[in-house]
Amino acid sequence: MNEIVIKTDKLTKRFGNFIAANEITFEVKAGEIFGFLGANGAGKTTAMRMLCGLSKPSSGNATIAGFDIYKETEKIKKNIGYMSQKFSLYEDLTVIENIRFFGGIYGISDKQINEKSNTLIEQLGLKNETKKLVASLPLGWKQKLAFSVAILHEPKIVFLDEPTGGVDPVTRRQFWDLIYSASDRGITIFVTTHYMDEAEYCNRISMMVDGVIKALDTPTNLKKQFSADSMDEVFFELARGAKRKGD
Amino acid sequence: MSDVILNNICKTYNKGIVLAVDDVSFSVGKGELFGLIGPDGAGKTSIFRILTTLLLADSGSASVNGYDVVNDYKKIRQHVGYMPGKFSLYQDLTVEENLKFFATVFNTTIEANYELIKEIYIQIEPFKKRRAGKLSGGMKQKLALCCALIHRPTVLFLDEPTTGVDTVSRKEFWDMLKRLKQEGITILVSTPYMDEATLCERIALMQDGKIMSIDTPKNITKQYAEILYAIKASNMSHLLSDLRLNKLIRSCNAFGEYHHITFNDDLKNSKSELLNYLKSKNYISIEIKQVAPTIEDCFIKLMNK
């Protein structure tokens with residue numbers, strides 16, 4: 001449990017004069033559920049894009065799954081999974097086609113893809129839906145499937161960008177069951193959310209305000225630190241002073 | 001008197017295969033702040049589009065301001081304001097040009113109704129020469145609200161105005177709505193965030209095209225029949241699975257810091273039996289307390305019916 005899979009040191013991204021992410025330093029351990037919170041415009045997306053090897057930092061260092069964020073971006077991409085609320089699966093492919101497609105992209109053998117897709121379909125209760133277009137599935141199922149596809153190649157880390165937005169309360173909880181079981185298997189979860197009850201389900205949380213990590217601790221300690229009853233209050237306390245607004 | 005009335009509205013898509021709105025009836029009083037609460041796919045947007053005369057229902061009738069949505073659609077369009085869930089202003093016009101455009105379309109001017117939008121507009125005014133497409137999410141949302149208000153509508157339709165917005169901006173947005181309500185504008189708003197339900201005067205809880213419950217938030221939570229407990233202990237994820245397997249427990253759901261549970265039998269010994277069981281399983285720092293049900297508790301219960 002003690003292996004460190006994300007390590008950043010003063011990671012910074014500038015766009016001209018604008019510092020989107022300002023000297024971000026933190027570590028995440030294997031199997032940890034790490035909540036990456038912040039107001040709109042705080043710099044979460046910029047930071048996440050750097051961690052996924054999609055955007056080159058202006059300065060600072062980081063290793064993701066043991067790989068350097070400047071020189072080994074292709075290796076990083078092979079060792080992480082990613083899902084967002086907006087894009088995750090191909091709507092005009094069927095359930096099984098999506099599984100095969102993403103399995104292929106990550107270089108999993110046909111034999112393994114077959115085995116994995118059977119267990120996955122069984123687990124999610126999608127037996128009668130395998131030949132249906134993803135577009136026809138309810139959002140909740142889509143998101144559960146997208147998550148399972150994102151960890152099909154057993155990545156070290158999975159990045160989840162608002163995975164439960166707009167999902168009904170029952171499915172939202174089932175989604176977190178999937179997160180817990182992935183974390184039990186040693187997969188590190190890096191998740192953003194606007195639901196403050198979900199912040200409580202994380203082992204540790206970072207709060208980003210105006211490009212800077214303002215607080216980082218367990219939910220319990222953060223509440224103590226800010227003498228707050230709920231994570232909602234902690235968030236409000238930290239984010240209300242934010243100067244930047246937007247996405 | 002009601003500003004918005006729906007009678008047995010049904011709407012299907014894909015030649016009847018997808019039932020989006022399933023026999024929905026409700027009404028919204030003049031000046032009321034009414035919320036449609038439900039996840040994606042509940043039918044909220046279809047209802048908004050039917051009421052704003054952009055979509056025809058398969059069956060049923062509806063009226064806004066006393067005008068029929070089919071026969072008097074032109075009248076309705078003159079009087080209502082609509083903020084769709086998807087940003088729908090002109091991306092290549094500036095902030096000011098968008099606002100001017102919508103004012104002109106409704107035969108009015110920015111000046112004529114400036115008082116109504118002033119508090120919101122001053123927050124984006126420093127960027128009035130910026131193209132709408134270049135605005136941040138929060139500013140787009142404020143501009144869209146200004147454009148929906150510029151003709152001083154009688155009824156304001158807001159389709160998921162706070163989706164994807166952080167808690168601080170969400171609070172600010174609801175404060176704005178309260179002020180608009182004081183201006184006498186009837187507001188129909190939808191949201192997937194259950195915690196926002198309590199900010200409405202009345203709500204309809206929706207799932208799969210149906211209304212599961214409709215009342216004031218207070219009355220809905222009052223209807224929750226069982227005694228609800230919040231429980232926490234040393235290992236929350238194991239506690240969840242152990243509670244689910246325990247025969248004393250009727251329902252168990254994760255609720256942030258605590259799990260919410262109800263017992264099959266509300267007699268006192270259920271609680272102490274459970275505590276003994278958990279202690280035998282080596283849980284420590286066990287805390288259990290009775291709590292008032294939230295809208296989300298009610299929603300989950302209605303979904304599992």
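Me: How many residue pairs are in polar contact between chain A and chain B, with both at pLDDT 80 or more?

Reply: Keep in mind that this is a predicted model. Between chain A and chain B the count is 10 residue pairs in polar contact, both at pLDDT 80 or more.

Me: Which helices of chain A each supply at least two residues of the side that touches chain B?

Reply: Look at α6 (169-184), α7 (196-200) and α9 (231-239) of chain A. α6(A) gives the largest share of that side, with six residues.

Me: How do the residues of that side divide into nonpolar, polar and charged?

Reply: On the side of chain A that touches chain B, 12 are nonpolar, six are polar and 13 are charged.

Me: How many salt bridges are there between chain A and chain B?

Reply: Five salt bridges are counted between the two chains. Take Lys223(A) and Glu257(B), which form a salt bridge. Their closest N and O atoms are 2.9 Å apart.

Me: How is the size of an interface often given?

Reply: Often as the accessible area lost when the parts come together. Here chain A and chain B bury about 2400 Å² between them. Carbon and sulfur atoms give 55% of that area. The contact takes 31 residues from chain A and 31 residues from chain B.

Me: What about parts of one chain? Which domains does the assignment give for chain B?

Reply: The domain assignment of chain B gives domain 1 (2-218) and domain 2 (229-303). Their centres, taken over C-alpha atoms, are 38 Å apart. Domain 1 of chain B puts 13 residues into the contact, and domain 2 of chain B puts in five residues.

Me: What area do these two domains bury between them?

Reply: About 710 Å², with 88% of it on carbon and sulfur atoms. Three residues stand out on the domain 1 side. Met194(B), Leu205(B) and Met212(B) supply 67% of the area that domain 1 of chain B buries against domain 2 of chain B, more than any other three residues.

Me: How many salt bridges and polar contacts link the two domains of chain B?

Reply: Zero salt bridges are counted between domain 1 and domain 2 of chain B. The rule also finds zero residue pairs in polar contact there, both at pLDDT 80 or more.

Me: Which strands each supply at least two residues of the domain 1 side?

Reply: β9 (202-207) and β10 (210-215) of chain B do. β9(B) gives the most, with four residues. By class, this side of domain 1 of chain B has nine nonpolar, four polar and no charged residues.

Me: Back to chain A. How many helices and strands are there, and why does its radius of gyration agree with a compact globule?

Reply: Chain A has nine helices and 10 strands. With 247 residues, a compact globule would have a radius of gyration near 18 Å, and chain A has 18 Å, so the two agree. The C-alpha atoms of chain A fill a box of roughly 50 × 40 × 35 Å along the principal axes.

Definitions and conventions:
Residues are numbered from 1 along each chain as its sequence is written. Chains are lettered from A and ligands numbered from 1 in the order in which they are written. This is a predicted model: local features need pLDDT of at least 70, side-chain atom pairs count only at pLDDT 80 or more; totals for chains, interfaces and linings use all residues. Side-chain values use heavy atoms; hydrogens and water are left out. Contact means heavy atoms within 4.5 Å. Buried area is the accessible area (1.4 Å probe) that two parts lose on being put together, summed over both. A salt bridge is a side-chain nitrogen of Lys or Arg within 4 Å of a carboxyl oxygen of Asp or Glu. A polar contact is a pair of N or O atoms within 3.5 Å; within protein, one must be able to donate a hydrogen and the other to accept it, and residues adjacent in sequence count only if both atoms are side-chain atoms. Ala, Val, Leu, Ile, Met, Phe, Trp, Tyr, Cys and Pro count as nonpolar, Asp, Glu, Lys and Arg as charged, and the others, Gly among them, as polar. Domain bounds come from an automatic or database domain assignment. The radius of gyration is taken over C-alpha atoms; the globule rule is 2.2 Å times the number of residues to the power 0.38.
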